Amino acid sequence: MRSTSGRGLMGEWLAGLVAVAVFGSTCGMHGQAVKVRYRTAFEHGFLIVRDQAGATLGSGELTQVSSRHRIKLHVVLHFRDGSIDDETTFYSQGETIRLISDRHIQRGKSYPNPVDVLIDAGKQQVTVRDLSKSTDQAKPEHMDLQPDTSNGILFALIQNMQADTPIEVSYVALASKPRMVKLAIAKGGEDQFTIGGRSYKAVKYDVKVHLGGVAGVVAPMIGKQPPDSYVWVTESKVPAVVRIDSALYTGGPVWSIQLASPVW
């Protein structure tokens, strides 16, 4: 069952999930390292994207390859209007999970601001290319990337959390000028889902964006506070992410990414 496991959803094709936090500045709180409780290996799974009314917007595929302590995760979403969301993440898996690099490309009608972003944790660089401009030249810029930067690995971190212990991690919010924000992740309750008529439990995690500083005070007043994202993880000996509800770009609607079953 691993080939279609929900664990593959850990790959943050949702690197834009807090893209709406373009006003952000870093909070004063320090991020937390999450110890590896469940090691990932080779995975291959299929996804479906729906709007809040349940209409299908597109489908996707993920692959993950493990080489000792280095993991490569590739997730691509193909929308019915021809848009593409393509992300490749490299991360290490020792005692804790650490980001190595993350490249995220969004383009097409579903993305008003097409972009190509590369985060290089080793070089402490972020490179942004505006795909709406054919002549735009991408230039690497220095950014103080914290050890707990979670782009591309957010859902791997959630899978390894102790359900009753909230955490806070750093995140590079995508924009023409990337900003570092904080994500506060905590258990928000439990829900049930069914497969073939059999019921299962899932822990629902609430992911809040902390803008910090003056922006954190002003944003809710002017309606710019990023909406919360929600992640459902199965309650089992091997936890699996089975659903994510989140906005994928600045000011975008909340979409739901879920596991897909083959239709014969």
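Mentor: Let us begin with surface: accessible areas come from the Shrake-Rupley method with a 1.4 Å probe, and for residues only the protein chains shown count as cover. In this predicted model, the protein chain exposes about 13000 Å², of which carbon and sulfur atoms supply 53%. Residues are numbered from 1 along each chain as its sequence is written, and side-chain values use heavy atoms, with hydrogens and water left out. As the model is predicted, local features need pLDDT of at least 70 and side-chain atom pairs count only at pLDDT 80 or more, while totals for chains, interfaces and linings use all residues.

Trainee: What pLDDT does the protein chain average?

Mentor: pLDDT is the predictor's confidence in each residue, from 0 to 100. The protein chain averages 81, and 81% of the residues score at least 70. Over residues 1-30 the pLDDT is below 50, yet this stretch has 143 contacts in the model beyond near neighbours in sequence; contact means heavy atoms within 4.5 Å. Residues 213-223 also have a pLDDT below 50, with eight contacts beyond near neighbours in sequence. Where pLDDT is low, the predicted coordinates should not be read in detail.

Trainee: How many helices and strands are in the protein chain?

Mentor: Helices (H or I, at least four residues) and strands (E, at least two) are DSSP runs, numbered from the N terminus. The protein chain has two helices and 14 strands. Among its contacts with a separation of 6 or more, 54% join residues 24 or more positions apart.

Trainee: Which residues have the most contacts inside the largest nonpolar core?

Mentor: A residue is buried under 20% relative accessible area, exposed over 50%, and partly exposed in between (1.4 Å probe, protein chains only). A nonpolar core is a set of buried Ala, Val, Leu, Ile, Met, Phe, Trp, Tyr and Cys residues joined through side-chain atoms within 4.5 Å. Here 47% of the 264 residues in the protein chain are buried. The largest nonpolar core has 38 residues, and Ile158, Ile185, Tyr205 and Val231 have the most contacts inside it. Apart from it lies another core, of 12 residues, including Tyr111 and Tyr249.

Trainee: How many aromatic pairs does the structure hold?

Mentor: A pair of aromatic rings is described by the distance of the centres and the angle of the planes. Rings of Phe, Tyr and Trp (its six-membered ring) pair if their centres lie within 6.5 Å; planes under 30 degrees apart count as stacked, over 60 as edge-to-face and the rest as tilted. The structure holds six such pairs. Phenylalanine 79 and tyrosine 111 form an edge-to-face pair, 5.8 Å centre to centre with 85° between the planes. Phenylalanine 79 lies in strand S3 (residues 70-79) and tyrosine 111 in the loop between strand S5 (97-107) and strand S6 (115-120), so the pair ties together parts that are 32 residues apart in sequence.

Trainee: Is phenylalanine 79 buried or exposed?

Mentor: Phenylalanine 79 is buried, at 7% relative accessibility, and tyrosine 111 is buried at 2%. Phe79, Tyr111, Tyr249 and Trp255 form one aromatic cluster.

Trainee: Where does the charged end of lysine 204 sit?

Mentor: A charge sits over a ring if NZ of Lys or CZ of Arg is within 6 Å of the ring centre and within 35 degrees of the ring normal. The charged end of lysine 204 sits over the ring of tyrosine 230, 4.5 Å from its centre. Arginine 243 lies over the face of tryptophan 232, at 4.5 Å from the ring centre.
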